[in-house]
Amino acid sequence: MAYIFIFGCFLLLGLAGSLAARTGYRGKVCDRSDGYEVPAEVKSDPGLRKRANNLVAFWCTGAAVLSFAPLVPIGTVIMSGGGRSVGTWGLVVFAVYGLVVVIVGAYPFEKIKSLGRSAEQ
């Protein structure tokens with residue numbers, strides 16, 4: 001049961017990263033209806049808007065790819081029907097890996113906030 005939960009978490013991370021990357025590739029990160037909360041300075045400057053879209057597209061694609069990678073070993077454990085298992089250290093590695101994926105996916109949004117602050121100066 002725990003393996004199915006871990007599988008689902010990484011799958012959801014991958015889907016969320018893919019949707020965020022799609023928003024960046026479409027150039028809609030700064031749009032109110034489709035995008036995200038960004039500083040007003042970023043919304044008003046075309047160069048910063050493009051930079052924000054590129055950041056979200058690149059980093060969220062990376063987070064999506066990273067989150068889909070563990071689905072293979074976890075899926076193998078699930079499909080084995082109890083013949084295989086992951087030890088405690090393996091679960092710790094999955095947890096740390098999941099934290100890395102979240103950090104990679106959150107990076108562009110924190111960077112966009114700093115873009116807004118640098119535009120003010």
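**Surface, cores and side-chain pairs in a predicted model**

In this predicted model, Phe68 has a relative accessibility of 31% and therefore counts as partly exposed. Phe68 has its place in helix H3, which covers residues 46-68. Together with Leu11, Leu12 and Leu15, Phe68 forms a nonpolar patch on the surface, and the accessible area of these residues together is about 340 Å². The element that gives the most to the nonpolar patch is H1, with three residues.

As a general background, nonpolar side chains in soluble globular proteins tend to be buried together. Here, the largest nonpolar core has 13 residues, and Val29, Val42, Ala52 and Ile112 are those with the most contacts inside it. Two or more residues of this core come from each of H1, H3 and helix H5 (88-120). H3 provides the largest share of this core, namely five residues. Another core, of five residues, lies apart from the largest one, and Ile6, Phe10, Leu71 and Phe94 are among its members.

Phe58 counts as exposed, at 57% relative accessibility, whereas Trp59 is partly exposed, with a relative accessible area of 29%. Elsewhere, ring pairs link Phe10, Phe94 and Tyr97 into a cluster.

Charged side chains complete the picture. A search of the whole structure finds two salt bridges. In one of them, the side chains of Arg49 and Asp31 meet at 3.4 Å, N to O. This pair links distant parts of the chain, with Arg49 in helix H3 and Asp31 in the loop between H1 and H2, 18 residues apart. Arg49 has a relative accessibility of 26%, so Arg49 counts as partly exposed. Asp31 is likewise partly exposed, with a relative accessible area of 23%.

Between the C-alpha atoms of Asp31 and Leu19, which are 12 residues apart along the chain, the separation is 15 Å.

The other salt bridge is formed by the side chains of Lys113 and Glu110, again at 3.4 Å, N to O. Both Lys113 and Glu110 lie in helix H5, three residues apart, which is about one turn of the helix. Lys113 is partly exposed, with a relative accessible area of 42%, and Glu110 also counts as partly exposed, at 47% relative accessibility.

Definitions and conventions:
Residues are numbered from 1 along each chain as its sequence is written. This is a predicted model: local features need pLDDT of at least 70, side-chain atom pairs count only at pLDDT 80 or more; totals for chains, interfaces and linings use all residues. Side-chain values use heavy atoms; hydrogens and water are left out. Buried means under 20% relative accessible area, exposed over 50%, partly exposed in between (1.4 Å probe, protein chains only). Rings of Phe, Tyr and Trp (its six-membered ring) pair if their centres lie within 6.5 Å; planes under 30 degrees apart count as stacked, over 60 as edge-to-face and the rest as tilted. Patches are made of residues with over 30% relative accessible area and no salt bridge: like charges are joined within 9 Å, nonpolar side chains (Val, Leu, Ile, Met, Phe, Trp, Tyr) within 5 Å. Accessible areas come from the Shrake-Rupley method with a 1.4 Å probe; for residues, only the protein chains shown count as cover. A salt bridge is a side-chain nitrogen of Lys or Arg within 4 Å of a carboxyl oxygen of Asp or Glu. Helices (H or I, at least four residues) and strands (E, at least two) are DSSP runs, numbered from the N terminus. A nonpolar core is a set of buried Ala, Val, Leu, Ile, Met, Phe, Trp, Tyr and Cys residues joined through side-chain atoms within 4.5 Å.
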